[in-house]
Amino acid sequence: MGNFVFYKDWIKNIKDLPIDIQDKIIADIVRYGVGEEMAHDGEATIQMAVNFTKRAIDDSKAKYKAKIEYGKNHGKAKKTSDKEIYDLAREGMK
């Protein structure tokens, strides 16, 4: 699952670092968030900054997944099939 929340505070926390370091941190936060391997794993500054975000990323992904699962079991049941909606729309109905 590649959805996660990116908090504005993370940018505020790194804004005084050189831009190339900021870019690496942001890139690795995004990589971690979407489940890809981080590119700057061996760089201590980058790794430290990303480590501070991991719990929040994991929590946001878990909450998103829980919402999806909840909706599958508790969502409003369809009263009209997709085919019926399509057919009615072709007839000009709303």
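Predicted model: local features only at pLDDT ≥ 70, side-chain atom pairs only at ≥ 80, totals over all residues.
**Entry 1: salt bridges**

I began with the charged side chains. How many salt bridges are there? The count comes to five. I looked up three of them, one by one.

I took K12 and D9 to start. Their side chains meet in a salt bridge, with N and O 3.9 Å apart. I noted that 3.9 Å is a salt bridge because the cut-off is within 4 Å. Both residues sit in helix α1, which covers residues 8-14. They are three residues apart, about one turn of the helix. K12 has a relative accessible area of 48%, so K12 is partly exposed. D9 comes to 45%, so D9 is partly exposed too.

Next I turned to K83 and D87. Here the closest N and O atoms are 2.8 Å apart, and the pair forms a salt bridge. Both residues belong to helix α4, residues 82-90. They are four residues apart, so about one helical turn separates them. I wrote down the accessibility of each partner. K83 counts as exposed because its relative accessibility is 56%, and exposed means over 50%. D87 is at 30%, so D87 counts as partly exposed.

My last pair was E43 and K24. Their side chains form a salt bridge at 3.4 Å, N to O. This pair links distant parts of the chain, 19 residues apart. E43 lies in the loop between α2 (19-33) and α3 (44-74), while K24 is in helix α2. E43 has 32% relative accessibility and counts as partly exposed. K24 is partly exposed as well, at 24%.

**Entry 2: the nonpolar core**

Now I went inside. Which residues make up the largest nonpolar core? I listed W10, I14, I21, I25, I29, M38, I46, A49, V50 and I57, 10 residues in all. Helices α1, α2 and α3 each supply at least two residues of this core. Helix α3 gives the most, with four residues.

What does W10 contact, leaving aside neighbours within four places in sequence? I found V5, I29, T53, A56 and I57.

**Entry 3: α2 against α3**

I wanted to see how these two helices meet. Their axes come within 9 Å and cross at roughly 35 degrees. Is the crossing of α2 and α3 left-handed or right-handed? I recorded it as right-handed. From α2, the contact is made by I21, K24, I25, D28, I29, Y32 and G33. From α3, it is made by T45, I46, A49, V50, T53, K54, I57, D58 and K61. I sorted the residues of this contact by kind. They divide into eight nonpolar, three polar and five charged.

**Entry 4: H40 in the loop**

I finished with a loop residue. H40 is found in the loop between α2 and α3. Is H40 buried or exposed? H40 has a relative accessible area of 16%, so H40 is buried; the cut-off for buried is under 20%. I then asked which residues H40 touches, not counting those up to four places away in sequence. They are K24, D28, R31 and I46.

Technical notes
Residues numbered from 1 in each chain as written. Heavy atoms only, no water. Buried < 20%, exposed > 50% of the residue type's maximum accessible area, 1.4 Å probe, protein only. Core = buried A, V, L, I, M, F, W, Y, C linked by side-chain atoms within 4.5 Å. Contact = heavy atoms within 4.5 Å. Axes fitted to C-alpha atoms, helices over the stretch in contact; angles between N-to-C directions. Left-handed = near helix turned anticlockwise from the far one by under 90°. Nonpolar A, V, L, I, M, F, W, Y, C, P; charged D, E, K, R; others polar.
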